[in-house]
Amino acid sequence: IQDTIILKIFLTGISVFLLLCVSFYSSGIYPFGIKTIAWGDMKQQVVPLLMQFREILTGNQSFLFHTGTAGGSNFWGIFFFFSSSPFSFLFLLSDKINPYHLINLIVVSKLIAAGITSTIMFNKMFPDMKYIYAFILSISYVFCGFTLMFYQNAIWLDMHYLLPLLIFGMYLLHKSGKPLLYMIILSFMLIVNYYMSYMVVVFIVFFFAIFTIFDK
């Protein structure tokens with residue numbers, strides 16, 4: 001059974017990767033060309049702030065006082081608003097890869113992660129569902145309107161791959177009274193992006209209300 005789950009996760013992850021490769025190749029986007037997916041907020045805020053984060057990681061600046069802004073500022077607020085993602089550490093590679101190219105790879109990685117977590121959720125919550133249906137739903141989730149409209153705020157994509165795990169955690173809490181996964185994922189979501197936490201709280205309220213009404 002465990003091997004079957006791993007295979008399903010692999011197939012979804014590699015499918016997301018291949019679909020994005022086809023899209024990037026046809027548009028000349030790095031690593032198949034020189035174009036970047038960064039524009040607007042990603043180009044003007046996300047990438048520059050991640051470069052500041054890299055300077056802190058390499059010891060050239062401080063979290064307590066960063067001179068990257070006009071008169072200097074504390075970086076902690078910016079970190080938890082834009083950069084507190086495990087994928088942000090990939091910007092340590094920006095001395096080898098153009099940062100506006102590196103962000104392409106980070107977005108791809110986050111979308112693959114969304115495909116993996118949604119596959120886990122569907123497999124665990126609906127064990128009798130045929131894999132083809134779970135596969136279609138997972139791919140649809142990865143490339144939903146949220147992704148296509150808001151990927152420029154790359155930090156929001158962390159919420160995208162964490163949401164299926166949060167739903168599964170709430171499912172476990174409701175069905176068997178096990179709170180651990182729910183507590184861990186919710187805490188991680190608040191750390192990754194406190195800015196969107198109010199949306200998560202609203203979702204939790206509605207989810208449990210609907211679950212309580214219809215799951216008799």
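This report describes selected helices, residues and side-chain pairs in a predicted model.

## Basis of the values

Local features need pLDDT of at least 70 in this predicted model, side-chain atom pairs count only at pLDDT 80 or more, and totals for chains, interfaces and linings use all residues. Residues are numbered from 1 along each chain as its sequence is written, and side-chain values use heavy atoms, with hydrogens and water left out.

## Helix H2

Helix H2 covers residues 41-57. Helices are DSSP runs (H or I, at least four residues), numbered from the N terminus. The 17 residues of H2 should span 24 Å at 1.5 Å a residue, and the end C-alpha atoms are 23 Å apart, which agrees. The expected span is 1.5 Å times one less than the number of residues in the helix.

The buried residues in H2 are Met42, Val46, Val47, Leu49, Leu50, Gln52, Phe53, Arg54 and Ile56. Buried means under 20% relative accessible area, exposed means over 50%, and partly exposed is in between (1.4 Å probe, protein chains only). The buried residues of H2 pack against helix H3 (76-83) and helix H4 (99-125). Contact here means heavy atoms within 4.5 Å. After H2 comes Gly59, with a positive phi near 85 degrees.

Tyr30 is in the loop between helix H1 (2-27) and H2. Its relative accessible area is 21%, so Tyr30 is partly exposed. Setting aside neighbours within four places in sequence, Tyr30 is in contact with Phe24, Lys35, Ile97, His101, Asn104 and Leu105. One of these, His101, is 71 residues apart from Tyr30 along the chain, and the two C-alpha atoms are separated by 5.9 Å.

## Salt bridges

The structure holds three salt bridges. A salt bridge is a side-chain nitrogen of Lys or Arg within 4 Å of a carboxyl oxygen of Asp or Glu. Asp95 and Arg54 form one of them, at 3.9 Å from N to O. This pair links distant parts of the chain, with Asp95 in the loop between H3 and H4 and Arg54 in helix H2, 41 residues apart. Asp95 is partly exposed because its relative accessible area is 48%, while Arg54 counts as buried at 16% relative accessibility.

Asp95 also forms a salt bridge with Lys96, whose closest N and O atoms are 3.7 Å apart. Lys96 counts as exposed at 68% relative accessibility. In another salt bridge, between Asp158 and Lys110, the closest N and O atoms are 2.5 Å apart. Asp158 in helix H7 (residues 156-176) and Lys110 in helix H4 are 48 residues apart, and the pair links distant parts of the chain. Asp158 counts as buried at 0% relative accessibility, and Lys110 counts as buried at 4%. Salt bridges that share partners join Arg54, Asp95 and Lys96 into one network.

## Thr117 in H4

Helix H4 also contains Thr117, which counts as buried at 8% relative accessibility. The Thr117 side chain reaches the backbone oxygen of Ala114 at 3.2 Å. A polar contact is a pair of N or O atoms within 3.5 Å; within protein, one must be able to donate a hydrogen and the other to accept it, and residues adjacent in sequence count only if both atoms are side-chain atoms. Not counting residues up to four places away in sequence, Thr117 touches Tyr161, Pro164 and Leu165.

## Aromatic pairs

There are 16 aromatic pairs in the whole structure. Rings of Phe, Tyr and Trp (its six-membered ring) pair if their centres lie within 6.5 Å; planes under 30 degrees apart count as stacked, over 60 as edge-to-face and the rest as tilted. Phe53 and Phe89 form an edge-to-face pair, 5.4 Å centre to centre with 75 degrees between the planes. Phe53 lies in helix H2 and Phe89 in the loop between H3 and H4, 36 residues apart, and the pair links distant parts of the chain. Phe53 is buried, at a relative accessible area of 2%, whereas Phe89 counts as partly exposed at 43%.

The pair of Phe203 and Phe207 is tilted, with 5.7 Å centre to centre and 35 degrees between the planes. Both residues lie in helix H9, four residues apart, about one turn of the helix. Phe203 is partly exposed at 28% relative accessible area, and Phe207 is buried at 15%. Phe203 and Phe207 belong to one aromatic cluster with Phe168, Tyr171, Tyr182, Phe208 and Phe211.

## Val200 in H9

Val200 is in helix H9 (residues 197-214). With a relative accessible area of 8%, Val200 is buried. Apart from residues up to four places away in sequence, Val200 touches Met159, Leu166, Leu186 and Met189. Val200 and Leu186 are 14 residues apart along the chain, and their C-alpha atoms are separated by 8.5 Å.

Conventions:
Helix = DSSP H or I, 4+ residues; strand = E, 2+ residues; numbered from the N terminus.
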